[in-house]
Structures are given as structure tokens and as C-alpha cells.
Amino acid sequence: MGSQVIAACKCGANAIILIGGGMLNFMETCYFPCMCKGCHEVVQVNLLAKETRCPECRARNPIPYDDPGLQGTPGHHHVVEWRMTDQLDRDLVLTDGKYMCPKCGKMSLEFRDSGLCWD
Ligand SMILES: [Zn+2]
Ligand SMILES: [Zn+2]
């Protein structure tokens, strides 16, 4: 069962992103927030797609937000933890720390659980 996070920054950047996959498609679908350098947005990308692309501007290889290069201040708690060791050789984790905002370029983007679960 997937969950949903809200990404927000002081500059006004704001996105609602689904995490993970549903009951029926978890083998080929794993949504995760990524930074698109094409349109400067936090976008929802299926990391299990053969070719990852921004859903908005179709730019290739948006950067998943568990990339160390996008992490500023480390958080104390996991907001999201999604086991993908079989498919991606890693677990996808988002913490309550600070991340790079695609709009203003500062390490001031934060993720929080929206409370929604989906399947
Ligand atoms: Zn884009
Ligand atoms: Zn910002």
C-alpha cells in the first residue's frame, strides 16, 4: 500500500506526491518524488519505469529525492520508508530533514506525510 507526501518550501514550491505502488501494480510501479531540472518542480516519477522521465516536461532522468546530493540537513525521523531492495537494490527513504528545492535552489524543502494511504 502506498502513501502520499507533501513537499513544501518557504519560497512557495508545493507538490503532492504519491509514494510506492498499489496492490496490483507494485511489481512495475514505484512512485517517488524526484527533482526535475527541466521545469524546476518536484515531480512524481515511477522509478521502475524503463526510462525515468519528468511527467510534466518529459526531461530525462529526474533525480530521486533519496539522492545524497539533494539532502541538506539530515532529519531525525523517517517520513517515508519504502522497501525496494529487490527491485532497486535500495530502500527509498525520505526524512523530516531539509532537501534541495527545485524552485529556489536552497536546502529548504521539507516533506511531510499527508496522512493518505492508497492501494
Ligand atoms: Zn520537468
Ligand atoms: Zn524553494
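Biologist: Which residue in β8 stands opposite isoleucine 6?

Modeller: Keep in mind that this is a predicted model. Strand β1 covers residues 2-9 and runs antiparallel to β8, with seven bridges joining them. In that pairing, the residue of β8 opposite isoleucine 6 is arginine 112.

Biologist: On to the metal. What is the geometry at the site of the zinc ion (ligand 1)?

Modeller: The protein donors are the SG atoms of Cys36, Cys39, Cys54 and Cys57, lying 2.3 Å from the zinc ion. Ideal angles for four tetrahedral donors are 109.5 degrees. Among the four donor atoms here the angles are 102 to 118°, and four donors count as tetrahedral if all angles lie between 85 and 135 degrees. That makes the site tetrahedral.

Biologist: How many residues apart in sequence are the parts that cysteine 39 and cysteine 54 tie together?

Modeller: Along the chain, the donors follow the spacing C-x2-C-x14-C-x2-C. Cysteine 39 is in the loop between β3 (31-36) and β4 (41-46), while cysteine 54 is in the loop between β4 and β5, so the pair ties together parts whose separation in sequence is 15 residues.

Biologist: Is cysteine 54 buried or exposed?

Modeller: Take cysteine 39 for contrast: with 25% relative accessibility, it counts as partly exposed. Buried means under 20% relative accessible area. Cysteine 54 has 0%, so the label is buried.

Biologist: Now the rings. Why is the pair of tyrosine 65 and tyrosine 99 called edge-to-face?

Modeller: By the ring rule, the count comes to three aromatic pairs. For tyrosine 65 and tyrosine 99, the ring centres are 5.9 Å apart and the planes are at 75°, so the pair is edge-to-face. Tyrosine 65 sits in the loop between β5 (63-64) and β6 (78-82) and tyrosine 99 in the loop between β7 (92-95) and β8 (109-118), so the pair ties together parts 34 residues apart in sequence. The plane angle behind the name, with over 60 degrees being the cut-off, is 75°.

Biologist: Which residues do ring pairs link into a cluster?

Modeller: Tyrosine 99 also pairs with phenylalanine 111, with centres 5.2 Å apart and planes at 80°, so that pair is edge-to-face. Phenylalanine 111 lies in strand β8 and tyrosine 99 in the loop between β7 and β8, so parts twelve residues apart in sequence are tied together. Tyrosine 65 counts as buried at 0% relative accessibility, and both tyrosine 99 and phenylalanine 111 are buried. The cluster linked by ring pairs is Tyr65, Tyr99 and Phe111.

Technical notes: Residues numbered from 1 in each chain as written. Chains lettered and ligands numbered in written order. Predicted model: local features only at pLDDT ≥ 70, side-chain atom pairs only at ≥ 80, totals over all residues. Heavy atoms only, no water. Phe/Tyr/Trp six-rings, centres within 6.5 Å; stacked < 30°, edge-to-face > 60°. Helix = DSSP H or I, 4+ residues; strand = E, 2+ residues; numbered from the N terminus. Buried < 20%, exposed > 50% of the residue type's maximum accessible area, 1.4 Å probe, protein only. Donors = N, O, S within 2.8 Å, 3.2 Å for Na, K, Ca; no water. Tetrahedral: all angles 85-135°; square planar, octahedral: opposite > 155°, others 65-115°. Pairing = 2+ DSSP bridges.
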